[in-house]
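Q: Please take me through this model one feature at a time, giving the general idea first and then the case at hand.

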Amino acid sequence: MLGGMDALVAGSDYPRTLREFNTWFPDEEACLDYLVRLRWPEGFICSACGEQRFWRMSKGRNLRCAYCRADASITAGTILADTRLPLTTWFAAAWYATGTKQGVSALGLQRVLGLGSYETAWALLHKLRRAMIRPGRDKLAGEVEADETYVGGLAEHKRGRGAAKKAIVSVAVEKRGLGMGRVRLARIADVQAATLLAALEDAVEPGAVIYTDHFPGYRGLAAAGYIHYPTAISSSGNPAHVVMPRVHRIASLLKRWLLGTHQGAVRPQHLDDYLAEFAFRFNRRSSHHRGLLFHRLLEQAVQLDHVPVTAIMSGRSASPAA
């Protein structure tokens, strides 16, 4: 059985190296066994009768209860549901996506895995990106810097808030001494006070200290239960990146990543998935175990419902950023 959240052991609960990965997951059967351990970490319990004994069917992706003979699908109710791709391909994609420092493009994934089409690689990556959000994740706490940034198409003769043709991203990042803790990112429709407040309420625990610039859209933070410290950048005597270095650093890293890994080719309706990937990577930047990131991604993948490719392509059922 897999260990608990704080008791995972490298080489036992997840592979440490590519060689171990290839040894652990040579075929569909091995992948199914691993998914069973992830979906039922405390042991399988039949939803029909409560029995714990089962066997895995020799064909298909089902478990059968040893008492009432009810079947339970291993992949139903997960992002892997109804997939036509072999699970070995899913596992290889998850390993590759979590093992590259800057992430991977759909074209790069297609080439590495030998997938038949760019569209298949694109859909596979976007489904994995959605799994990079941990269900029920904790909100930011302590001291937090908050701001917005603009990403996307070029906007001539217009900079800063209100920049045309660009998507707006709310940025919140914890202060950890002189460094940074976790980050939360969310695409927002505008910079109205209600929109900014809703984004921060989703990202930050009540009672936290939030530092912002003097933009009027943040005036409602104190009334919402936060300790709010606004700074008038123009009269502070220092540039914005000095007054609030963390949010500006995150904004810079995000734009550089979108441009470098994805050549800036990110459509607004798909931006949420890219924000999820960036936050997943940044929040786990201190992890030295590639296999642990792989494990976490699949662990979260079995907790998320399947989303049809058509919905992903249209931008429906978009995920919030991790």
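A: Let us begin with a charge and a ring: Arg285 lies over the face of Phe282, at 3.9 Å from the ring centre. A charge is said to sit over a ring if NZ of Lys or CZ of Arg is within 6 Å of the ring centre and within 35 degrees of the ring normal. The charged end of Lys175 is placed in this way over the ring of Tyr211, 4.3 Å from its centre. Please keep in mind that this is a predicted model, in which local features need pLDDT of at least 70 and side-chain atom pairs count only at pLDDT 80 or more, while totals for chains, interfaces and linings use all residues. Residues are numbered from 1 along each chain as its sequence is written, and side-chain values use heavy atoms, with hydrogens and water left out.

Q: Which order do the five strands of the open sheet have?

A: Strands of a sheet pair through backbone hydrogen bonds, either parallel or antiparallel. Strands (E, at least two residues) and helices (H or I, at least four) are DSSP runs numbered from the N terminus, and two strands pair if DSSP finds at least two bridges between them. Here the order across the open sheet is E6-E5-E4-E7-E8, and the pairing is mixed. Strand E6 (179-188) and strand E8 (227-231) are the edge strands, each pairing on one side only. From one strand to the next the twist averages 30 degrees, where angles run from 0 to 180 degrees between N-to-C directions and axes are lines fitted to C-alpha atoms, for helices over the stretch in contact.

Q: In which sense do E5 and E6 pair, and over how many bridges?

A: Strand E5 (residues 166-176) and E6 pair in the antiparallel sense, over eight bridges. Within E6, Val183 is the bridge partner of Val173, and Gly179 stands opposite Arg176. The hairpin that E5 and E6 make has two residues between the strands, and Gly177 there takes a positive phi near 65 degrees.

Q: Which strands does helix H6 touch?

A: Contact means heavy atoms within 4.5 Å. Helix H6 (residues 193-203) packs on the sheet and touches strand E4 (143-152), E5, E6 and strand E7 (209-213), with its direction at about 135 degrees to that of E6. Helix H10 (residues 271-283) also packs on the sheet, where it touches E4, E5 and E6, and its direction makes about 175 degrees with that of E6.

Q: How many aromatic pairs does the count come to?

A: A pair of aromatic rings is described by the distance of the centres and the angle of the planes. Rings of Phe, Tyr and Trp (its six-membered ring) pair if their centres lie within 6.5 Å, and planes under 30 degrees apart count as stacked, over 60 as edge-to-face and the rest as tilted. By this rule there are 18 aromatic pairs. In one of them, Trp24 and Phe25 lie 6.0 Å apart, centre to centre, with 70 degrees between the planes, which is edge-to-face. The pair formed by Trp40 and Phe44 is edge-to-face because the ring centres are 5.2 Å apart and the planes stand at 80 degrees. Ring pairs also link Phe21, Trp24, Phe25, Tyr34, Phe91, Trp95 and Phe294 into a cluster.

Q: Is Phe25 buried or exposed?

A: Buried means under 20% relative accessible area, exposed over 50%, and partly exposed in between (1.4 Å probe, protein chains only). Phe25 has a relative accessible area of 7% and is therefore buried, whereas Trp24, at 23%, is partly exposed. Both Trp40 and Phe44 are buried.

Q: How many salt bridges does the structure hold?

A: A salt bridge is a side-chain nitrogen of Lys or Arg within 4 Å of a carboxyl oxygen of Asp or Glu. The structure holds 14 of them. One of these joins Glu145 and Arg246 at 2.8 Å, N to O, and links distant parts of the chain, as Glu145 is in strand E4 and Arg246 in helix H9 (residues 245-262), 101 residues apart. Both Glu145 and Arg246 are buried. In the salt bridge of Glu174 with Arg182 (2.6 Å, N to O), Glu174 is buried, with a relative accessible area of 2%, but Arg182 counts as partly exposed at 23%.
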